[in-house]
Amino acid sequence: MILKANNKTLTLDRPHVMGIVNVTPDSFSDGGQFNSVDAAITQVSNMIDAGVSIIDIGGESTRPGAPDVTAEEELARVIPVIKAIRRQFEVWISIDTSKAEVMKQAIEAGADLINDVRALREPGALEVAAQANVPICLMHMQGEPRTMQTAPRYDNVLDDVARFLDERIAACESVGIKTERLILDPGFGFGKTLEHNYHLLAHLEKFHRFGLPILAGLSRKSMIFKLLDKKPAECVVGSLACATVAASKGAQIIRVHDVAETIEAMKIVQMMQSNQ
């Protein structure tokens with residue numbers, strides 16, 4: 001599998017690490033740490049030195065209970081950072097947003113990938129994504145960030161998530177988005193209990209039936225810190241364990257806060273996979 005955008009090519013023949021840079025004041029783990037251009041660029045530089053493949057820039061927290069952010073506020077947070085990264089580095093840039101206007105302006109500023117937790121369901125998002133010649137990650141979420149962790153229920157979490165992704169793939173195809181541009185994310189932590197999350201992780205390989213790249217974002221999430229009874233930032237080891245399991249089950253992109261440590265773990269997975 002290969003991702004292409006803006007004269008870049010990313011061959012998914014090994015687990016790639018996507019580094020999280022939240023330019024927000026309130027993200028659940030790193031909120032406020034990188035919400036200035038200089039701080040974000042320093043973090044990006046460190047991630048690139050560690051060997052990151054993709055930088056994921058987000059300007060709106062999607063933690064449970066997070067307040068809504070206007071498009072204007074989100075643009076003010078992410079566009080200067082994307083432009084600054086693009087001026088200095090050749091790394092792949094992902095824009096983590098659900099808003100059509102943010103997608104549009106981020107791509108114009110140099111973003112190479114759309115990472116949408118709402119799977120292009122917001123007004124205008126499908127149309128903007130269709131016009132942009134970049135890959136798109138479609139994520140499953142039950143409900144909305146404010147309420148998604150209020151008693152989530154499924155008939156069968158694997159089947160229900162797969163059915164949703166099937167529907168969103170069809171919606172993309174209906175506006176001319178080729179499946180070769182799509183990446184799928186089962187949405188760990190988005191409208192799922194602890195048991196739902198670990199059931200998805202235990203059976204992550206089942207999502208390969210779509211024939212599309214799989215992105216797994218588990219880093220420092222409640223499925224880890226609640227299980228371990230720790231603060232999110234104290235869950236590096238737990239996050240590495242989940243990342244290793246996901247990559248072992250064939251996830252091609254692993255979205256994390258702790259880039260250097262995860263890249264080391266991915267080298268182990270890659271060596272194991274190449275000697276099976």
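**Note on the predicted model: sheet, helix packing and salt bridges**

1. Asparagine 7 lies in the loop between strand 1 (2-5) and strand 2 (8-11); helices (H or I, at least four residues) and strands (E, at least two) are DSSP runs, numbered from the N terminus. Asparagine 7 is not a glycine, yet has a positive phi of about 65°. With 87% relative accessibility, asparagine 7 counts as exposed. Here buried means under 20% relative accessible area, exposed over 50%, and partly exposed in between (1.4 Å probe, protein chains only).

2. On the basis of the note: the model is predicted, so that local features need pLDDT of at least 70 and side-chain atom pairs count only at pLDDT 80 or more, while totals for chains, interfaces and linings use all residues. Residues are numbered from 1 along each chain as its sequence is written, and side-chain values use heavy atoms, with hydrogens and water left out.

3. The model contains an open sheet of eight strands in the order 8-7-6-5-4-3-10-9, with parallel pairing. Strand 8 (182-185) and strand 9 are the edge strands, each pairing on one side only. On average, neighbouring strands of this sheet are turned by 25° against each other, direction ignored. Two strands pair if DSSP finds at least two bridges between them. Axes are lines fitted to C-alpha atoms, for helices over the stretch in contact, and angles run from 0 to 180 degrees between N-to-C directions.

4. Within the sheet, strand 3 (residues 16-22) and strand 4 (residues 54-58) pair in the parallel sense over five bridges. Isoleucine 20 has aspartate 56 of strand 4 as its bridge partner. Helix 1 (residues 37-50) lies across strand 3 and strand 4 and runs at about 165° to strand 3.

5. Strand 5 (residues 92-96) and strand 6 also pair in the parallel sense, over three bridges, and isoleucine 95 stands opposite isoleucine 114 in strand 6. In a regular strand the side chains alternate between the two faces of the sheet. From strand 6 (residues 113-116), Leu113 and Asn115 point one way and Ile114 and Asp116 the other way, and all are buried.

6. Leucine 138 is found in strand 7 (residues 136-139) and is buried, with a relative accessible area of 0%. Not counting residues up to four places away in sequence, leucine 138 touches several residues, among them Asp116, Leu120, Leu165, Ile169 and Leu184; contact means heavy atoms within 4.5 Å.

7. Leucine 120 is found in the loop between strand 6 and helix 4 (125-131). Leucine 120 has a positive phi of about 60° although it is not a glycine. At 2% relative accessibility, this leucine counts as buried.

8. Two packed helices are described by the angle between their axes and the distance between the axes. For helix 5 and helix 6, the angle is about 75° and the axes are 10 Å apart. Helix 5 is therefore roughly perpendicular to helix 6, a term that covers 65 to 115 degrees, whereas under 35 counts as roughly parallel, over 145 as roughly antiparallel and the rest as oblique. Val157, Leu158 and Val161 of helix 5 meet His196, His199 and Leu200 of helix 6 in this contact.

9. A search of the whole structure finds 12 salt bridges, a salt bridge being a side-chain nitrogen of Lys or Arg within 4 Å of a carboxyl oxygen of Asp or Glu. In one of them, arginine 163 is joined to aspartate 160, the closest N and O atoms being 3.0 Å apart. These two residues are about one helical turn apart, because they are three residues apart in helix 5 (residues 157-174). Arginine 163 is partly exposed at 45% relative accessibility, whereas aspartate 160 is buried at 14%.

10. Another salt bridge joins arginine 220 and aspartate 258 (2.7 Å, N to O). Arginine 220 lies in the loop between strand 9 and helix 7 (222-228) and aspartate 258 in the loop between strand 10 and helix 9 (259-274), so the pair ties together parts that are 38 residues apart in sequence. Both partners count as buried, arginine 220 at 11% relative accessibility and aspartate 258 at 9%.
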